[in-house]
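The following note sets out several points for a reader who is examining this structure. Please keep the sequence and the three-dimensional view at hand while reading.

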Amino acid sequence: MNIDGFRILDCALVAIATGVKAQTLRELRDKLKTAHPGCFFYHFWGGLLNPHFDDPEFQNDFAVWASRSLNDSRMSEKFAVIDPYAFENIEDVRQELIEVIEERLSQTEIVPWAKTGHEFHFIRSQMVVFDTGVTFLEPTEMLHAIPGMSLGSIFYHFIDARRRTEERKNDLSLWLAAFGDTYEKLIEDLDNIDPFFISLTRMRREITLAFNKHLKEDA
Amino acid sequence: MESLLEQYAGIVGNEVIDHLRQLAGPLRGIKILHVNSTKEGGGVAEILNRLIPLKRELGIDAEWEIVTGDKDFYQCTKKMHNSLQGNRDDISPSLLETYEKTNVLNYERLRDKLLGADVVFIHDPQPAAMISHCSDRRNRWLWRCHIDVSRPYRPVWKYLREYIKQYDASIWSLSDFAQPLEQPMYLIPPSIDPLSEKNMALPEKEIKEYLRSFGISRDIPVLTQVSRFDRFKDPIGVIESYRLVKKYVPVQLVLAGGGASDDPEGEQVLNEVKAFAGEDPMIHVLELPPDAHRAINALQRGSDIILQKSLKEGFGLTVTEALWKGKPVIGGDTGGIKLQVIDHFSGFRVTTPEGASMRIRYLLKHPEIRKTIGKNARQFVLENYLITRQLREYLTLVVGMIFGSEEKIELRMHER
């Protein structure tokens, strides 16, 4: 069986302001209706490659804003559990966000609002993807390379892959699947890495652990 | 001798440097020109001093030029700066005329370089009007705004906007600052250089020696604010906070200000600060030359708490510097301080001298909390606010400017 090698790609992200902002929850709902599709990827995942504080509670920007600026914990919890990859496409994610806001607005008499200077700013991103020139032919060859992979590569193969591939999976699992059942357990562990609540550094560590667990003896 | 990139690898890791090298691959040989108004003093000059050699080491032909002008020019640009930060400060037509003429003169002097570069970065308002004189340009021009323009005095922004909208793109430190413009508005926070004299590790002996030379005792807690003598930095509010604290705890206050050659108002504010401080021996008002980087480093490292009680702030690099040194920061709830100072994690944000005084007393009372916050703070800067991150974002942006404006740009091997 001839299986193509795994090419390590890398990426870098730069944020772009859209100039659109919302000060109240109602405004957020209205602006979501027309927000640039790229904003959704940025506000759910962009923070991983951009300066930010790791927020142990909330992974996406909508939840952080509802918590810190609207002081609306119910809203932030509803936002926090939205998993963008559980939806078919971006338009469905947009619709889900709008719906949870509608629900919250119907429950409250006062529209939650943020102080001036604490508005929600819609941001999108531009991504540059480049080839590192490194290709692995066998999974065991990757054992020592993963800890040295850039965070951009981790982002590209584990976060971006899930919006890019038909199977909604990370690139490594898809490649390993081509070897038949040989790496079934490793694939299972890689698929079980929850990208929520962890930094890319931590994700790289978990991938390394999975490879070590299943392949160290083979190597 | 180690190259600059190798020296950074020792701090941020080899993979970060390899990543930069690969990202810069397609940009080898391109000409990038940066233009601002001063070679020393202020965060912009400090960053450019290091970004330029780093870009060169990555194979990019990077250059840095400054615009020059007379007293009226700097008075006008200082007024612009203040107005963009929200002061209602009208600028007379004669000063605006000086601004425009000075930009023409500088454009003529720098013409060949401006037109010969592939990408031109113009920093802040001082050189911004040069763009209107090169309608025949074929290269890309970006305006890099380092100021908090979230609520500008409208007439001045309206005037400046006529120039800014001629740029291909603009770069802002925070989304709050970005004003509506048709062009792409990139968001790139600034950064600090961990290898510079201002941020490198210093021997304890040297720190002690600097403090001693300034008459600062290490036996009494030290609060320090490092910033230009500028009303937006609220030095008077800082003294008020200190006075509220010293009713309960013995404490010293250091107000250390580095001058910048493009800031004509500094002396006036410095005199106001000295008058307000009076003869209190525990207040140390230090006028430091623009190159006093080691002294500032030692002051920050020798302090217990760093203050940056700004009323308006661009990004607040002095905050980043303090966090890098593992110090808790008490900062104004404004600009980039909001991004860096998170309550109980890296310090506290405050809005009044009273608020600042309470947080100072709390931190002085709990040294173990100061230590935990300091540890968080350093790690946060390591991951987010070192120059290598800013360089990565600049390179990404330039790749975008040259290879296309799509949301995702995929570079093939031969383009690298």
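1. The model is a predicted one.

2. Helix 3 of chain B covers residues 43-57, and its length can be checked by a simple calculation. At 1.5 Å a residue, its 15 residues should span 21 Å, and the C-alpha atoms at its ends are 22 Å apart, which agrees.

3. Which residues of helix 3 of chain B are buried? They are B:Val44, B:Ala45, B:Glu46, B:Ile47, B:Leu48, B:Arg50, B:Leu51, B:Leu54 and B:Lys55. The list includes the charged residues B:Glu46, B:Arg50 and B:Lys55. As a general point, an α-helix has 3.6 residues a turn, so residues three or four places apart point the same way.

4. The buried residues of this helix pack against five elements of chain B: helix 1 (4-12), strand 1 (31-36), strand 2 (61-66), strand 3 (119-123) and helix 15.

5. Strand 1 of chain A and strand 6 of chain B run antiparallel and are linked by three bridges. In strand 6, B:Leu187 is the bridge partner of A:Ala15. Beyond its neighbours within four places in sequence, B:Leu187 is in contact with residues of both chains, among them A:Ile16, A:Ile123 and B:Trp172.

6. The largest nonpolar core has 178 residues, and B:Leu187 is one of those with the most contacts inside it, as are A:Val128 and A:Phe155. Strand 1 of chain A (residues 6-22) provides the largest share of this core, eleven residues.

7. A:Arg168 has a phi of about 60° and sits in the loop between helix 6 and helix 7 of chain A. Phi of B:His344 is near 70°, and B:His344 is found in the loop between helix 12 and strand 12 of chain B.

8. Are these two residues buried or exposed? A:Arg168 is exposed, because 12 other C-beta atoms lie within 10 Å. B:His344 is exposed as well, with 11 such atoms within 10 Å. The cut-off for an exposed residue is 12 or fewer.

How values were computed. Residues are numbered from 1 along each chain as its sequence is written. Chains are lettered from A and ligands numbered from 1 in the order in which they are written. This is a predicted model: local features need pLDDT of at least 70, side-chain atom pairs count only at pLDDT 80 or more; totals for chains, interfaces and linings use all residues. A nonpolar core is a set of buried Ala, Val, Leu, Ile, Met, Phe, Trp, Tyr and Cys residues joined through C-beta atoms within 7 Å. A residue is buried if 20 or more other C-beta atoms lie within 10 Å of its own, exposed if 12 or fewer, and partly exposed in between; C-beta atoms are placed from the backbone. Helices (H or I, at least four residues) and strands (E, at least two) are DSSP runs, numbered from the N terminus. Two residues are in contact if their C-beta atoms, placed from the backbone, lie within 7 Å. Two strands pair if DSSP finds at least two bridges between them. The expected span of a helix is 1.5 Å times one less than its number of residues.
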